[in-house]
Amino acid sequence: MDYRKLLEIIPTGKWEIVSGKLIDFILTSKNDDKMPGHLANVILYQWQNGTLKNETGITALLRAAVLLEPEKTITMFNELQMANVAEQIKETLGS
Amino acid sequence: MTKFGIEFVPREPYWKIIYYAIQAEGGGFSNLWVTDHFNNRNVYVTLTTAAIYTNKITFGPGVTNPYMVNPVFTAQAIATLNELTPGRVVLGMGAGDKTTLEGVGVEVEKPLAAVQEAVDIFRKIVSGESVAYKGEVFKVASAKFLFKPKGRIPVYVGAQGPKMLELAGRIGDGVLINACHPKDVEYAVNSVREGIRQGGKKPEDVDVAAYTSFSVHEDLKKATKAAVPVVSFIVAGSPSLLLERHGIDLKKAEEIREALKANDWGRAFGGVTPEMIEAFSVCGTPEMCTERIALLLKSGISQFVVGSPIGSNVREAINLISQKIIPHFQTQS
């Protein structure tokens, strides 16, 4: 999945709330073993530099959340009235 | 000034701990402690990663022990970390957890001598000296680093019993005590101060840190629910003397011990009483936790360490501590 393209359909006004929710999914996930080390390092680097709410940060968070907690991520986008984003994730996971 | 520390157990993957460490640093915590048990992830790998992703927080093993890890190796690891982040590294050294160590065939003998000698060897070798040492527990024929260690590294001694507390006060730059209740802190601080006196130091020369089982949430029920499992293990592992000091029914404690042995979590956690929560955790709303921390500070600690579980949601709990608890003590000092 091209997560940067996915980010383009998420309104920038929602980036902060999306970022916060994705961080919670990742930190509370029991599927730790699904997190690739290189992706974890990117997220930590972005967090260290205060950029988890910008394009690069949210892209990394999306990638991790879809790997660790796909169902929760889809539900969250539906709840935030972004069914198109949820649908795209669902389609990619199904393919 | 009151210091706030935070403790992590590297049973969690490194990226979760480092995320929280970065958050804690930004939220006003001054110290990061990482536990050292063979059955969790390695403490020095975790601390090295923390060093890379943080900028100012002081950190160290809290605590390592001289039985599993030879003090010369500990000195090498700590001195190398101190090159990576000069002035931000401390050593936490204690006698270790007897049950865990015996599980891997390591006998815990002469803990007082072992800790004292380990601290001696550590200090000598990180100061760049060539070390020849003949102690009761450790013997070093000849050891010297082939690199030049940088600066002086503070040593905190983890202590529980009165003799170890006294030793900690005498030889330590800091002391780490497991205590959540003012009664236990006062008891420990008296022994530490005796050691400080014997060492010819002033009380303010030694940073006394209380390691606490901590749980904060705006909703008291949620804070308590998160604290219960940790408290059940503390009760099960506590000597009768300590339980009696807090008026805890020994029979109830025994029931929890038996339930934990049988992996009957429901019965074990269900047996935890409000008195046990009160004695063995700092738990509640931010206001309640602030009140308890103030009492602990009055009892003689200079660093308050937030330990497991921290809260039902660790990220939210660190935010609460940073926004509602730490500022209270910054304005006080």
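Buried means under 20% relative accessible area, exposed over 50% and partly exposed in between, with a 1.4 Å probe and protein chains only. Helices (H or I, at least four residues) and strands (E, at least two) are DSSP runs numbered from the N terminus. This is a predicted model, in which local features need pLDDT of at least 70 and side-chain atom pairs count only at pLDDT 80 or more, while totals for chains, interfaces and linings use all residues. Residues are numbered from 1 along each chain as its sequence is written, chains are lettered from A in the order in which they are written, and side-chain values use heavy atoms, with hydrogens and water left out.

**Strand E7 of chain B**

Two strands pair if DSSP finds at least two bridges between them. Strand E4 (residues 91–93) of chain B runs parallel to E7(B) and is joined to it by 3 bridges. Strand E8 (residues 174–178) of chain B also pairs with E7(B) in the parallel sense, over 4 bridges. B:Tyr156 takes part in both pairings: its partner is B:Gly92 in one, and it stands opposite B:Gly174 of E8(B) in the other.

E7(B), helix H6 (residues 162–171) of chain B and E8(B) form a right-handed β-α-β unit. Right-handed means that, with the strands pointing away from the viewer, the path from the first strand over the helix to the second runs clockwise. The buried residues of H6(B) are B:Met164, B:Leu165, B:Leu167, B:Ala168, B:Gly169 and B:Ile171. They pack against helix H5 (111–126), E7, E8 and helix H7 (182–198) of chain B.

**A cavity lined by both chains**

A cavity is a set of points, on a 1 Å grid over the protein atoms alone, where a 1.4 Å probe fits but cannot get out; lining residues have an atom within 4 Å of a point. Grid points are joined across faces, edges and corners, and a volume is the space filled by probe spheres set on the points. The count is 1 cavity of 30 Å³ or more, and the largest cavity holds about 70 Å³. Its lining includes A:Ile23, A:Met35, A:Leu61, B:Trp15 and B:Tyr19. Helix H2 (15–28) and helix H3 (37–48) of chain A and helix H1 (14–26) of chain B each give two or more residues to this lining.

**Backbone geometry**

Most residues other than glycine have a negative phi, and most peptide bonds are trans. The table lists the exceptions considered here.

| Site | Feature | Value |
|---|---|---|
| B:Gly62 to B:Val63 | cis peptide bond | omega near -5° |
| B:Ser308 and B:Pro309 | cis peptide bond | omega about 10° |
| A:Gln81 | positive phi | phi near 60° |
| B:Lys110 | positive phi | phi about 45° |

B:Val63 is in the loop between strand E3 (58–61) and helix H3 (71–84) of chain B, whereas B:Pro309 lies in strand E11 (residues 303–310) of chain B. A:Gln81 is in the loop between helix H5 (70–79) and helix H6 (83–94) of chain A and is exposed, with a relative accessible area of 68%. B:Lys110, in the loop between helix H4 (98–103) and H5 of chain B, is partly exposed at 46% relative accessibility.

Technical notes:
1 Å grid on protein atoms, 1.4 Å probe; cavity = no way out; pocket = protein on both sides within 12 Å on 5 of 7 lines; lining within 4 Å. Contact = heavy atoms within 4.5 Å.
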